[in-house]
Amino acid sequence: MAHGLADDPASTVLLASTAQILVAPAMNTAMWENPATVSNMDLLRSRGVFQVGPGEGELACGDFGAGRMVEPPEILEAINIALGSSGALEGLHALVTAGPTHEPIDPVRYLANRSSGKQGFAVAAALAAEGARTTLITGPCALLDPPGIEVVRVETAEEMLAAVLKVLPADIAVCAAAVADWRIDHRHSMKIKKHAGQQPTISLIENPDILATLSATSDSRPALIIGFAAETDKLVENATDKRRRKGCDWIVANDVSLKSGVFGGDTNTVHLITHEGSEAWPTMTKVEVARSLVHRIANHFDPRRV
């Protein structure tokens with residue numbers, strides 16, 4: 001595809017077609033990470049080819065790693081986005097935050113968390129598949145930009161807040177990012193050197209609260225603001241309190257204790273917290289959680305369109 005070789009029916013069709021092209025790569029990890037493949041994919045993306053996946057997991061060859069074909073529903077979702085298919089959220093603008101933030105200590109070290117960004121990316125893709133014009137603001141993560149979605153990449157909580165306010169107005173905001181609560185009060189310009197017997201002292205200050213700030217925005221507040229609560233204990237109680245304190249409309253609460261495997265994993269078990277109470281959802285893939293959430297969002301705006 002990258003070099004225009006057309007020596008079989010599939011490659012001939014691709015070379016002759018003027019249609020939008022979507023690829024769903026699937027191969028051995030070593031093949032996927034080979035510099036030739038990396039270079040060719042970069043070239044194809046630069047030409048406007050959409051890409052979905054690959055995922056990470058057990059491969060047909062018995063290895064485990066990147067290169068697993070994404071599931072058919074994800075490919076279908078990507079097709080709908082690439083085609084610009086109309087959906088229940090057509091005409092609405094959705095804002096999604098995802099991933100962790102990195103708060104620098106010095107040029108080498110930073111404070112962070114274990115968020116992979118997968119849940120936020122899945123929500124952005126599901127919103128776009130339902131026709132919403134979607135802007136995804138993500139902290140540092142290894143995930144590829146979803147097709148057909150405007151992606152803004154940031155590093156720190158302050159940068160994420162600035163990016164969020166810049167893209168307003170929006171009709172829907174889903175704050176799925178695991179934003180660091182604190183940052184270093186004095187970022188060192190040089191690497192902190194290790195000296196035997198001497199322990200460096202790091203002083204922390206609070207980061208801006210993106211969810212609370214967005215919820216309190218009077219002139220351009222989104223009609224529906226959804227936060228995420230990553231908890232390790234008292235899940236529903238803590239998430240309910242968070243919804244009240246932050247002033248958002250809904251909270252998606254998930255257990256991120258080490259035993260849950262949520263951070264970095266592909267499944268999630270959540271509770272949806274609204275002013276009406278708590279609703280427990282069964283364990284699903286993060287893609288399925290995203291679709292279920294977006295269905296509820298669409299129903300919120302117009303039950304007749306769902």
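Val38 sits in helix α3, which spans residues 35-46. Helices here are DSSP runs of H or I with at least four residues, numbered from the N terminus. The model is a predicted one: local features need pLDDT of at least 70, side-chain atom pairs count only at pLDDT 80 or more, and totals for chains, interfaces and linings use all residues. Residues are numbered from 1 along each chain as its sequence is written, and side-chain values use heavy atoms, with hydrogens and water left out.

Stay with Val38 for a moment. Its relative accessibility is 37%, so Val38 counts as partly exposed. That class lies between buried, under 20% relative accessible area, and exposed, over 50%, using a 1.4 Å probe and protein chains only. Setting aside neighbours within four places in sequence, Val38 touches Trp32 and Glu33. Contact means heavy atoms within 4.5 Å.

Now turn to helix α5, residues 118-129. How does α5 pack against α4? Helix α4 covers residues 72-83, and the two helices pack at about 55° with their axes 8 Å apart. That angle makes α4 oblique to α5. Axes are lines fitted to C-alpha atoms, for helices over the stretch in contact, and angles run from 0 to 180 degrees between N-to-C directions. Under 35 degrees counts as roughly parallel, over 145 as roughly antiparallel, 65 to 115 as roughly perpendicular, and the rest as oblique. The crossing of α4 and α5 is left-handed. In a left-handed crossing the near helix is turned anticlockwise from the far one by less than a right angle; clockwise makes it right-handed.

Helix α4 brings Glu77, Asn80 and Ile81 to this contact, while α5 brings Ala125, Ala126, Ala128 and Ala129. These residues divide into five nonpolar, one polar and one charged. Nonpolar covers Ala, Val, Leu, Ile, Met, Phe, Trp, Tyr, Cys and Pro; charged covers Asp, Glu, Lys and Arg; the others, Gly among them, are polar.

Helix α5 also packs on helix α9, residues 286-301, at about 45° with axes 8 Å apart. This pair is therefore oblique too. Their crossing is right-handed. From α5, the contact residues include Ala122, Val123, Ala126 and Leu127. Among their partners in α9 are Val289, Ala290, Leu293 and Ile297. The α5 and α9 contact holds 10 nonpolar residues, one polar and three charged.

Last, the cysteines. A disulfide is a pair of cysteine sulfur atoms within 2.5 Å, and the count is zero. Cys175 is in no disulfide either; the nearest cysteine sulfur, that of Cys248, is 8.1 Å away. Cys175 is buried, at 9% relative accessible area.
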